[in-house]
Amino acid sequence: MEMLTINNVWMMVCTALVFFMHLGFSFLEIGLTRQKNTINILFKNVFIICVGLLLYCLVGFNLMYPGFEEGAAGFFGFAGFGLDSPLTAEGGLDLAYNEGYTYWTDFLFQGMFAATAATIVSGAVAERIKLSAFMIFTIIYVGVIYPIVGSWQWGGGFLSTFQIGDAEGFYDFAGSTLVHSVGGWAALIAVYLLGSRIGKFSSDGKPQAIPGHNIPLAAAGVLILWLGWFGFNGGSVLSADAAGTSLTLVTTSLAAAAGGVVAFLVSTLMYKNYDLTMFLNGILGGLVGITAGADQMSPTDAVLIGAIAGAVIVFGVALIDKLKLDDPVGAIAVHLICGIWGTLAVGIFGAKAGFDQFLVQGVGVLAVGGFCLITAFIIIFVLKKTVGIRVSEKEEIDGLDGHEHGMDAYPDFRLNQH
Amino acid sequence: MEMLTINNVWMMVCTALVFFMHLGFSFLEIGLTRQKNTINILFKNVFIICVGLLLYCLVGFNLMYPGFEEGAAGFFGFAGFGLDSPLTAEGGLDLAYNEGYTYWTDFLFQGMFAATAATIVSGAVAERIKLSAFMIFTIIYVGVIYPIVGSWQWGGGFLSTFQIGDAEGFYDFAGSTLVHSVGGWAALIAVYLLGSRIGKFSSDGKPQAIPGHNIPLAAAGVLILWLGWFGFNGGSVLSADAAGTSLTLVTTSLAAAAGGVVAFLVSTLMYKNYDLTMFLNGILGGLVGITAGADQMSPTDAVLIGAIAGAVIVFGVALIDKLKLDDPVGAIAVHLICGIWGTLAVGIFGAKAGFDQFLVQGVGVLAVGGFCLITAFIIIFVLKKTVGIRVSEKEEIDGLDGHEHGMDAYPDFRLNQH
Amino acid sequence: MEMLTINNVWMMVCTALVFFMHLGFSFLEIGLTRQKNTINILFKNVFIICVGLLLYCLVGFNLMYPGFEEGAAGFFGFAGFGLDSPLTAEGGLDLAYNEGYTYWTDFLFQGMFAATAATIVSGAVAERIKLSAFMIFTIIYVGVIYPIVGSWQWGGGFLSTFQIGDAEGFYDFAGSTLVHSVGGWAALIAVYLLGSRIGKFSSDGKPQAIPGHNIPLAAAGVLILWLGWFGFNGGSVLSADAAGTSLTLVTTSLAAAAGGVVAFLVSTLMYKNYDLTMFLNGILGGLVGITAGADQMSPTDAVLIGAIAGAVIVFGVALIDKLKLDDPVGAIAVHLICGIWGTLAVGIFGAKAGFDQFLVQGVGVLAVGGFCLITAFIIIFVLKKTVGIRVSEKEEIDGLDGHEHGMDAYPDFRLNQH
């Protein structure tokens, strides 16, 4: 009883921290984009949290933890609509559900994760996507696609038992693949189908910087995300186990720090100035990178994984530009590329390292990637051909805030008069 | 011993979260008001926290939990000035005080609540109230009125034992009435006695929008408030009880999400654009609405209570405008109207539903409303006739920051030059 | 086992809160300085967190808790590079390390403290220090000097056993001296060697106000710091002990509140307007002041210590101006002067009060002050004579953001057009 209560307290704290990440994502995204689209971005983010949670209650939770039936091959299952808490004979909540937390905590912690996938996409498609299309996409992707992928591993599906040689199944501790790359693959497709913002590439194809409007908020967003990751990774231990949780916080923080420092050093060498945005994205890359194996790494492993993620970010952002993909906040480099890196790193560093495990990790990356690419493509392509996914040229130039929301982000902001 | 320590850890976490709500309120209020009054608003909010806590230490805690004497009829009691911690024979803190937390945690958690009532008023009277008058009002209302009302229920007073038929006493889990409506009633009186801001109503009485200056901060404020509500409601379980706390977090979050989505849908139907402010106020309405019964509801109940609160907000804001009351942040609709709704909802939904309970809830609403209306009227009316409650026309037009504080909120803010 | 897990959960929560203080420091510093140096300040702060943590992992932790050898006289020790977790015979983490937390939690909680010292300096030297010099200074001061000083007391060194008469050793609960004054002394030296910003003192030596650019963020920074202090002081109990932690949160909050109110009253009397910045600095002064004895004080003691700190701040800021030292954020008054006050207050108020203890506290202040002054002087003086510590006049006037970072803080910020 004591142990359950302690574990549950920790999991609730982590749930709150993961919720708070949504403020981090919002700040990061509005900070790195133009003022004229700020209301639109805030609206998307608030929508994602609210609708994500309601959908996870309605279908997501039971898609993700369906208790797979025999014939399903661990690929698809659904335990029914709504929440169905286990009850004792007297009608109270059955606390024997789990030693780590109650049924309610389980739902809410996982529900806070679900919305994250759509938030990642939100950043990549910012400043030009039609709000209605984005809302429909979010409903389908967060409500159905994310939990199905999640069920393959965390729901006890086929990836969790997939074997190659000695390797005992795919391993993705807190979601480098199952959360971050799920968002990242959809971001890639969406950016491809949407096209780049007006002015992002010059007539000869060279990328042009489109600076954001509020870097202090972007920096605050990254620090809030780091804080939230204490819950994202720390809660993924699924109990308050003292050794497991505290090691996880150490590896998480060290990877973040190493990612930031290396991204700063590499970008300083390449671009000859101290680039704050790269430093910040390096931190996020380190965090995404360590997420798949945060409980399996030594501090040294964590520093190495984070450091490599930091370098990957700098080249990844350049690569996305080179491919003429327009990702205003660097979401694809951070969440997709570093998500893949982190997943593979489980086979290279730490307690699970080994060539067989590396191969299994690769299979997981491909399986999830294939499914997400196809489903995201279908959803967004259908939206493109029906409601349309892109705002008009006039609306894009004027800004989405005025057209979609009839509102400025800073309507009464004035220069001081003296 | 273990159990006390766990409970106490959870209560301290919740205390910290409730404290953090003050940043949420501050961001919301400055975001939705004009730049020229920003320093004034921040000053009021910081003042409220500091003075509220000191007063709660000096008198409030002992007014709220007086241990009513026989003849007091559960209406008024006072256990003396200052804090008086229970001691063991050896002089250490007596931990037998309570199974859920220590004496110190009890004081601090309740103290963080106390300041909230004044914060609600602060938003409604923003941009025109005289700071000195507001400070005096705060001292009396937070120091004396709030704890007296609280004593009626949480201090074991007459509301807590009030019976009609089968109903076993008024129920207000975390303060839809005892906190939110206490602030809301005073806000109503204050707004009425103050009058509207210059320009809020045209000569033919039509309400004019006076847009705020920093919507990103307003949105951040709402997300911070949602986070804080995990502590506000989660801590009101008064222990770390696994089933109770985790159900409470689930109902709280679902009500917030449903409130936001419904307010967005209703306002989109009515006003034909995606109104972020309504979405945000819908979230707050859902949170206030679930607060009275967050531990008594199923997830479905919570969604319904939140959804109705979301609709109520849209019509409530319109109603306040129609009544020619000028409430810059929508505090009356959010905290008073949804506070009443949430209190009554305890008699309609969930474990305590029943007609008798509904009547008792109504009695509680009326008793608290009557007392708050009268006392707030007396305090503010006397202030109006003595020190004055409204700044001069010139000061209002110029902004309060320059006149009262000799300071701008963004004194060095510059447009970029390129 | 239960007890260790509870304690460890509390310590992890506190670790997260101390981490979050870095956002508070960042907001406070950018808020109180000019827009043109915002990116530079954010860069410094993010650098400090990341590099501070990596260095604490590499050398700091083992310098601070070296397990002093016989001949070292508790003055200097080093337990080797990197982290070296205690293992059980089976190779798992040895949980017998400590009853309050695991080895990993110990490292991370202490590591979060380490970066704070440099952050304090960062505020004082803002708007004119050369980034490269600041980075080198940070590496040495956070990596080596801070942990050596810490080892004298928290590592079991000579201060922890220093006796005068009845006094049983120096007492500094959470670091009024060991953290705040360590940063404060270096800030004093750095400000002296750097010189004041262009325009800070008129030709006749009168101080000129150089207003910051974003007071809302500064206010948010202070509220975030207060929140973080729940972890800074609450975690310094080094367990979840119910009586100790909850008393600490009460004294911490009351001192903050009293500091703010007194600074507001004194500054209103002196300067005839309601000065928000003084109110905010008073809160910080109260927090720094209570830090040395937060677990030893009654609520009344805490209010008195905070109140005196609040007054000290107002006069301290004026004194620093008078000495022609240019400290843009008031870091020296807050962290050094109130740090000294709080350390001495342990000998005046609360459970350890006594003349002998007062003398021991003074010895601690002097020992730490002497060492920090000398080492900070050597580091910064050598930097001044080699790489240089101050940016060019042109760079200072243009702002550091453009020159060092090629970036504006709000590049796309526009006035609204209507």
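## Buried residues and the predicted model

A residue is called buried when its relative accessible area is under 20%. The structure described in this report is a predicted model. By this cut-off, both A:Asp326 and A:Arg197 are buried, and these two residues belong to a group of charged side chains in chain A that is described next.

## A network of salt bridges in chain A

Over all chains, the structure holds 21 salt bridges. Which residues of chain A are linked in a network of salt bridges? The members are A:Arg34, A:Glu127, A:Arg197 and A:Asp326. The network can be followed one pair at a time.

A:Arg34 is joined to A:Glu127 by a salt bridge in which the closest N and O atoms are 3.2 Å apart. This pair connects distant parts of the chain, since A:Arg34 sits in the loop between α1 and α2 of chain A and A:Glu127 in the loop between α3 (103-124) and α4 (131-153), 93 residues apart. A:Arg34 has a relative accessibility of 12% and therefore counts as buried. A:Glu127 is buried as well, because its relative accessible area is 1%.

A:Glu127 also forms a salt bridge with A:Arg197, at 2.3 Å from N to O. Because A:Glu127 is in the loop between α3 and α4 of chain A and A:Arg197 is in the loop between α6 (176-194) and α7 (215-234), this pair ties together parts that are 70 residues apart in sequence. The relative accessible area of A:Arg197 is 3%, so this residue is buried.

The side chain of A:Arg197 meets that of A:Asp326 in a further salt bridge, at 2.8 Å from N to O. Here too distant parts of the chain are linked: A:Asp326 lies in the loop between α10 (299-322) and α11 (331-345) of chain A, A:Arg197 in the loop between α6 and α7, and the two are 129 residues apart.

## Two buried loop residues

A:Gln35 is found in the loop between α1 (2-31) and α2 (38-64) of chain A. Its relative accessibility is 9%, so A:Gln35 counts as buried. Leaving aside residues up to four places away in sequence, A:Gln35 touches A:His213, A:Asp401, A:Ala409 and A:Tyr410, together with C:Asp412, C:Phe413 and C:Arg414.

B:Ala167 occupies the loop between α5 (158-161) and α6 (176-194) of chain B. With a relative accessibility of 4%, B:Ala167 counts as buried. B:Ala167 touches B:Phe162, B:Asp356, B:Gln357 and B:Val360, when residues up to four places away in sequence are not counted. Of these contacts, B:Gln357 is 190 residues from B:Ala167 in sequence, yet the two C-alpha atoms are 4.8 Å apart in space.

## Two helices

Helix α11 (residues 331-345) of chain C has 15 residues and reaches 20 Å from its first C-alpha to its last, close to the expected 21 Å. Where does α11(C) bend? The bend is at C:Cys338 and amounts to about 30°. α11(C) is mostly covered, with twelve of its 15 residues buried; among them are C:His335, C:Cys338 and C:Trp341. The buried residues of α11(C) pack against α1 (2-31), α3 (103-124), α6 (176-194), α9 (276-291), α10 (299-322) and α12 (355-385) of chain C.

Helix α10 (residues 299-322) of chain B has 24 residues, which should span 34 Å at 1.5 Å a residue; its end C-alpha atoms are 34 Å apart, in agreement with this value. Just after α10(B), B:Lys324 takes a positive phi of about 55°.

## How the chains meet

Chain A is superposed on chain B by a rotation of 120° with 0.0 Å of shift along the axis, at an RMSD of 0.0 Å. The two copies are therefore related as by a three-fold rotation axis. The C-alpha of chain A nearest this axis is that of A:Ile6, 3.6 Å away. Only 20% of the interface residues of chain A are also interface residues in chain B, so the copies meet through different surfaces.

Between chain A and chain B, 56 residues of chain A and 53 of chain B take part in the contact. The two chains bury about 4,500 Å² between them, 82% of it on carbon and sulfur atoms, and zero salt bridges are found across their interface.

Chain C and chain B bury about 4,600 Å² between them, with 82% given by carbon and sulfur atoms. C:Pro216, C:Leu223 and C:Tyr274 supply 15% of the area that chain C buries against chain B, more than any other three residues. Between chain C and chain B, the count of salt bridges is zero.

Definitions and conventions:
Residues numbered from 1 in each chain as written. Chains lettered and ligands numbered in written order. Predicted model: local features only at pLDDT ≥ 70, side-chain atom pairs only at ≥ 80, totals over all residues. Heavy atoms only, no water. Least-squares fit on C-alpha atoms with pLDDT ≥ 70 in both. Contact = heavy atoms within 4.5 Å. Helix = DSSP H or I, 4+ residues; strand = E, 2+ residues; numbered from the N terminus. Expected span 1.5 Å × (residues − 1). Bend = angle between axes of the 7 residues up to and from the residue. Buried < 20%, exposed > 50% of the residue type's maximum accessible area, 1.4 Å probe, protein only. Buried area = accessible area lost by both parts, 1.4 Å probe. Salt bridge = Lys/Arg side-chain N within 4 Å of Asp/Glu carboxyl O.
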